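Hello,

Here is the structure I said I would pass on. My notes on it follow below.

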Amino acid sequence: MLSSHTAHLLQGFSDWLKQRRGAIYASLKLQRYYKFFSKLDQVAKELDRFPTYEEMVQFLSVMEARKYLLVTLYLQDIKQIIIDKAVQEEYANLDMIDRLLQYFEKDDYRYKLLFEYYTALRTKADQGKTSIRSIRLALTPAEKFLKYCDHFEKSEISDEALSGYLWVYRGQKSAIFGFVSFLNQKHKFSLEAHRNLLPIKTPRYSRKQLKQKFIELLQNPQDDLKYQQKLLRFSLGYLYHIDIPNNAFINQKDIQKDKNDAYCLRLVGKKFYLPNEITRLMLD
């Protein structure tokens, strides 16, 4: 039984958690958080008042307060404690990590790989060898690459998939190196595409053929991924004279606006501007 110092806070946290994460998440996790409230209550009884944030970490350790960061965020929201911006940033990183881990179904082998990679990184964080922010930065390209594998047969992880991914997202070579090493060392993959990146090549079609195909695609729009990939392939071939490899797939989200509101793609470390006719077909 919690004392009067803490009981009302637990009820408030339950309602807050339902609003933030939904009733199902709250009902599944509340028992876990109750244990933390019980520890907080022991501290409150000793002090005869609810502890400050500094007292919480003094009695329970920073690691434990970080483990139950949702509780500390709630206590800050209701002004029960004051938490500095560093803690807020850590919560944002943890929330993003949670979202990354929830993308795949738990029976998907990619979920198991990603979660195991996260567990290895979290162990380093608990040992003070890395930070929560670094974990988020490492998991982001790992999850993105695993999603990219959907373009390939049985969503298999392969050098073909990695090679195409790094052609599109050339700037992520260093960021994804840790995950590739993890796959090679822990799961006996033999991924090497990150060592020899695909170069930019010119199209095998003539400029006249590229123009003709580009115009045909603009005149006959279709609402499917295959059409969008063709449109980008022939438009970049005609406008910039580059060939998109067959294992390179471009997502709608890869099309971004620059500071002048012009649409562009960043591929192989370069920026390619797209005419409005293309972006309308891709984004509308």
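The loop between helix 2 (23–47) and helix 3 (53–60) holds D48. This is a predicted model, and in it D48 has a phi near 60°, a positive value in a residue other than glycine. Most residues other than glycine have a negative phi. D48 is exposed, with a relative accessible area of 58%.

K154 is a further case: its phi is positive, about 60°, although K154 is not a glycine. K154 lies in the loop between helix 8 and helix 9. Its relative accessibility is 66%, so K154 counts as exposed, the cut-off being over 50%.

Eight of its 10 residues are buried, so helix 9 is largely enclosed by the rest of the structure. The buried residues are A161, L162, S163, G164, Y165, L166, W167 and V168. What covers them includes helix 8 (132–148), helix 10 and strand 2.

Helix 10 (residues 173–187) also packs against helix 7 (residues 109–126), at an angle of about 105° and with the axes 11 Å apart. That angle makes helix 7 roughly perpendicular to helix 10, because angles of 65 to 115 degrees count as such. Which residues of helix 7 meet helix 10? They are L113, E116 and Y117. By class, the contact of helix 7 with helix 10 has five nonpolar, two polar and two charged residues. As background to the spacing of such residues, an α-helix has 3.6 residues a turn, so residues three or four places apart point the same way.

Taking the pairs in turn, strand 1 is joined to strand 2 (residues 263–267) by three bridges, and the two run antiparallel. Within this pair, I255 stands opposite L265 in strand 2. Strand 1 and strand 2 form a hairpin with five residues between them. In that turn, D261 has a positive phi of about 65°.

Strand 2 is joined to strand 3 by four bridges, and these strands also run antiparallel. Here L267 stands opposite K270 in strand 3. The hairpin formed by strand 2 and strand 3 has two residues between the strands, and V268 in the turn has a positive phi of about 45°.

If you look at one thing beyond the sheet itself, take strand 2 together with helix 9: strand 2 is among the elements that cover the buried residues of helix 9, and strand 2 is also bridged to strand 1 and to strand 3.

Regards

Notes
Residues are numbered from 1 along each chain as its sequence is written. This is a predicted model: local features need pLDDT of at least 70, side-chain atom pairs count only at pLDDT 80 or more; totals for chains, interfaces and linings use all residues. Side-chain values use heavy atoms; hydrogens and water are left out. Axes are lines fitted to C-alpha atoms, for helices over the stretch in contact, and angles run from 0 to 180 degrees between N-to-C directions. Angles under 35 degrees count as roughly parallel, over 145 as roughly antiparallel, 65 to 115 as roughly perpendicular and the rest as oblique. Contact means heavy atoms within 4.5 Å. Ala, Val, Leu, Ile, Met, Phe, Trp, Tyr, Cys and Pro count as nonpolar, Asp, Glu, Lys and Arg as charged, and the others, Gly among them, as polar. Two strands pair if DSSP finds at least two bridges between them. Buried means under 20% relative accessible area, exposed over 50%, partly exposed in between (1.4 Å probe, protein chains only).
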